[in-house]
Amino acid sequence: MNAYAPILGLILLAAVFAVGSVAFSVVAGPKRFNRARLESYECGIEPTPQPVGGGRFPVKYYLTAMTFIIFDIEIIFLYPWAVRFDHLGLFGFVAMVTFIFLITVPFIYEWRRGGLDWD
C-alpha cells in the first residue's frame with residue numbers, strides 16, 4: 001500500500017484543487033446577469049431557433065467522431081508497440097500489421113462513403 005500513497009495523494013490534491021477552484025469561482029465571480037449573457041452562443045452569430053425535439057444532426061458529425069476515436073485507439077496501441085518493437089519479434093510485427101489492417105478497412109469504407117467530404 002505504501003507504493004500507492006503518492007498516487008493517492010496526487011489524486012486527492014487534484015480533487016481538492018478542482019473542487020476548490022469551482023467553489024472559489026462561485027464565491028468570487030461576478031453576479032451580473034443580462035439577457036445577452038443568458039442566451040446561447042453560436043460563434044458570434046445570432047442563434048438559430050431550435051425545433052421542439054432538438055433537431056437532427058447530420059450523420060457526418062458522428063462519422064467524424066468515430067474516425068477520431070479510431071485514430072485515438074490506434075495511437076494508444078501503436079505507441080507501446082513502437083517502444084518495445086525490438087523485443088516483440090515476429091509475433092509482435094504480425095499482430096500489429098493485422099491491427100493496422102483491421103483499422104484501415106473501416107477508414108477506407110468511410111472514405112468511399114463520403115464521410116470525410118465536407119461539401
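Which residues does T67 touch, not counting residues up to four places away in sequence? In this predicted model, T67 touches F107, E110 and L116. T67 is found in helix α3, which comprises residues 59-83. With a relative accessibility of 9%, T67 counts as buried, because the class takes in values under 20%.

The chain contains 4 helices and 0 strands, and its pattern, read along the sequence, is α-α-α-α. Of its 119 residues, 8% count as buried. Among contacts in the chain with a separation of 6 or more, 55% are between residues 24 or more positions apart.

Helix α1 is hardly covered, as the count of buried residues among its 24 residues is 0. In α3, by contrast, the buried residues are T67, E74 and W81. The cover over these buried residues of α3 includes α4.

The packing of α3 against helix α4, residues 85-112, was examined next. The two helices pack at an angle of about 170 degrees, and their axes are 10 Å apart. Because angles over 145 degrees count as roughly antiparallel, α3 is assigned as roughly antiparallel to α4. On the α3 side, the contact is made by L63, T64, T67, I70, F71, I73, E74, F77, L78, W81, A82 and V83. The α4 side contributes F85, D86, L88, G92, F93, M96, F99, I100, I103, P106, F107 and E110. Sorted by class, the contact of α3 with α4 has 18 nonpolar, 3 polar and 3 charged residues. The buried residues of α3, namely T67, E74 and W81, are each among the residues that make this contact. Two of the residues touched by T67, F107 and E110, belong to the α4 side of the contact.

Aromatic pairing was then considered. A pair of aromatic rings is described by the distance of the centres and the angle of the planes. A search of the whole structure finds 4 aromatic pairs. One of them is formed by W81 and F85, with 5.2 Å centre to centre and 75 degrees between the planes, an edge-to-face arrangement. The members of this pair fall into separate accessibility classes: W81 counts as buried at 19% relative accessibility, whereas F85 is partly exposed, with a relative accessible area of 41%.

Another pair, F107 and W111, is tilted, with 5.9 Å centre to centre and 45 degrees between the planes. An α-helix has 3.6 residues a turn, so residues three or four places apart point the same way. F107 and W111 are 4 residues apart in helix α4 and are therefore separated by about one helical turn. F107 is partly exposed, with a relative accessible area of 23%, and W111 is exposed, with a relative accessible area of 53%. Together with F71, these two residues form one aromatic cluster. F71 and F107 also take part in the contact between α3 and α4, and F107 is one of the residues touched by T67.

Methods: Residues are numbered from 1 along each chain as its sequence is written. This is a predicted model: local features need pLDDT of at least 70, side-chain atom pairs count only at pLDDT 80 or more; totals for chains, interfaces and linings use all residues. Side-chain values use heavy atoms; hydrogens and water are left out. Buried means under 20% relative accessible area, exposed over 50%, partly exposed in between (1.4 Å probe, protein chains only). Contact means heavy atoms within 4.5 Å. Axes are lines fitted to C-alpha atoms, for helices over the stretch in contact, and angles run from 0 to 180 degrees between N-to-C directions. Angles under 35 degrees count as roughly parallel, over 145 as roughly antiparallel, 65 to 115 as roughly perpendicular and the rest as oblique. Ala, Val, Leu, Ile, Met, Phe, Trp, Tyr, Cys and Pro count as nonpolar, Asp, Glu, Lys and Arg as charged, and the others, Gly among them, as polar. Rings of Phe, Tyr and Trp (its six-membered ring) pair if their centres lie within 6.5 Å; planes under 30 degrees apart count as stacked, over 60 as edge-to-face and the rest as tilted.
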